[in-house]
Amino acid sequence: MIILSIETTCDDTAIAIVKYSNNNFKILSNVLSSQIKEHNAFGGVVPELASRCHIQNSIPVLDKALKNSKISQKNIDYIAITNKGGGLIGSQIVGVEMAKTISFILNKNIVQVNHIRAHSLAVFMDTENNRIRDIKFPIISLTASGGHTFIVLIKDFDNFKVIGRTIDDASGEAFDKVAKMLNLGYPGGPIISKYAKKGKNIIDFPRPMINSSNFDFSFSGLKTSVLYYLRDNKNYNIENVCCSFQEAVCDILTYKTIKAVKKYKPKSLIIAGGVSANIRLKELMKERLNNIEQKICFYHPDKLLTTDNALMVNINAYFLIQNKKIDNWKNIKSNSLRSI
Ligand code: KG4
Ligand code: ZN
């Protein structure tokens, strides 16, 4: 089975073509055109600019993906598109329209994928061995990205239950906003973690909602307290600010996730989304997992599968096809609701 997948939810135009046979897969092509340069000057993604860039990039990315795959278009069995789970509506529409057009021309069905679910399921792709990982359900997933932060209980490939979510900013968004305050550019996560490596965790930033009885998060107050710190300490040490801020985010994320692990007793724990690329987050999660009695397997996605990409959409589509969740292009409507 060969799936062509498209991801245009935010600021990446990405297309992948993957061939599956049972638990093995071969990535025939994986092309991604990033808009980081275009948005960098604004310290975050500008929605209208993102839509315009997708219009410009979509066909060249498709052309390259098809050429790199070295297969004939008629061998493609399904078109997968991110059309659920939220995103920038203008960006998403470009991808959905492209998916419908390809589906119409090739006369192949469409698989509609939820962006947030795809982030979590990306971890099933072992790109080193070209195998689908045997990860046991139920799974707790911390899905932390620029647009969302959720703790989800996954009982099956198609059974997701949100047990915690951010009530304001997403954790990746907090990284991006703090980076903007420090004039470090966009995206904030990688650059803050680079500075954090050389810094000390000596500024006592707050951990909002860490002791709340539920599994929800709040990052807006933390971001404001960094703003006030910078205002009141003109000679601040940028490395220490980055390190202390990163520590606060990782502390909150891991604390709440471990609390969910203790309550729901899953067989596996995964972290997903752009923030899951953070080395300190992985380190602290492992450390805290080692300190609890429950023994569960911990997974994080391969590096190329952490931030937005078309491979995660592809593998999610593969699982959905097993459950016969396929559609004709005539039934596809754009859906930008932020839901899982
Ligand atoms: O998954 P993604 O590409 O897009 C969304 O679906 O939102 O995630 C992008 C987010 C950005 O906010 C970026 O700052 C954050 O992931 N990020 C990181 C790291 N790498 C990317 N955050 C913390 N540490 C990182 N190493
Ligand atoms: Zn994403």
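Author: Start with the pocket. The largest pocket is the space that ligand 1 takes up. Keep in mind that the model is predicted.

Now the shell. Ligand 1 has 21 residues around it. Ser145, Gly146, Asp176, Gly189 and Asp308 are the closest of them. Sorted by class, the shell holds 14 polar residues, five nonpolar ones and two charged ones.

Where do these residues come from? Both domains contribute: domain 1 (2–128 + 305–331) gives at least three residues to the shell, and domain 2 (135–301) also gives at least three. Among the helices, three each supply at least two shell residues: H4 (115–121), H5 (171–181) and H6 (188–197). H6 provides the largest share, with four residues.

Next, the single contacts. Take serine 145, one of the closest residues. A polar atom of the serine 145 side chain sits 2.6 Å from an oxygen atom of ligand 1. Glycine 147 uses its backbone instead: a polar backbone atom there is 3.0 Å from an oxygen atom of the ligand. Aspartate 308 is also among the closest residues. Its contact, too, runs through the backbone, with an N or O atom 2.8 Å from an oxygen atom of ligand 1. How much of ligand 1 does the protein cover? On its own, ligand 1 has 550 Å² of accessible area, and the protein covers 91% of that.

Now the backbone. Look at the loop between H5 and H6. Proline 187 lies in this loop. The peptide bond that leads from tyrosine 186 into proline 187 is cis, and its omega is near -5°.

Proline 138 is placed in the loop between strands S7 (131–132) and S8 (139–144).

One more spot deserves a check. Lysine 70 belongs to the loop that runs between helix H2 (47–69) and strand S4 (78–84).

To sum up the site: ligand 1 takes the space of the largest pocket, and residues from domain 1 and domain 2 make up part of its shell. Oxygen atoms of the ligand meet the serine 145 side chain, the glycine 147 backbone and the aspartate 308 backbone.

Technical notes:
Residues numbered from 1 in each chain as written. Chains lettered and ligands numbered in written order. Predicted model: local features only at pLDDT ≥ 70, side-chain atom pairs only at ≥ 80, totals over all residues. Heavy atoms only, no water. Near = heavy atom within 4 Å. Polar contact = N/O pair within 3.5 Å; in protein donor to acceptor, adjacent residues only side chain to side chain. Areas by Shrake-Rupley, 256 points an atom, 1.4 Å probe, with all protein chains shown as cover. 1 Å grid on protein atoms, 1.4 Å probe; cavity = no way out; pocket = protein on both sides within 12 Å on 5 of 7 lines; lining within 4 Å. Sits in = over half its atoms within 2 Å of the grid points. Nonpolar A, V, L, I, M, F, W, Y, C, P; charged D, E, K, R; others polar. Domains from an automatic or database assignment.
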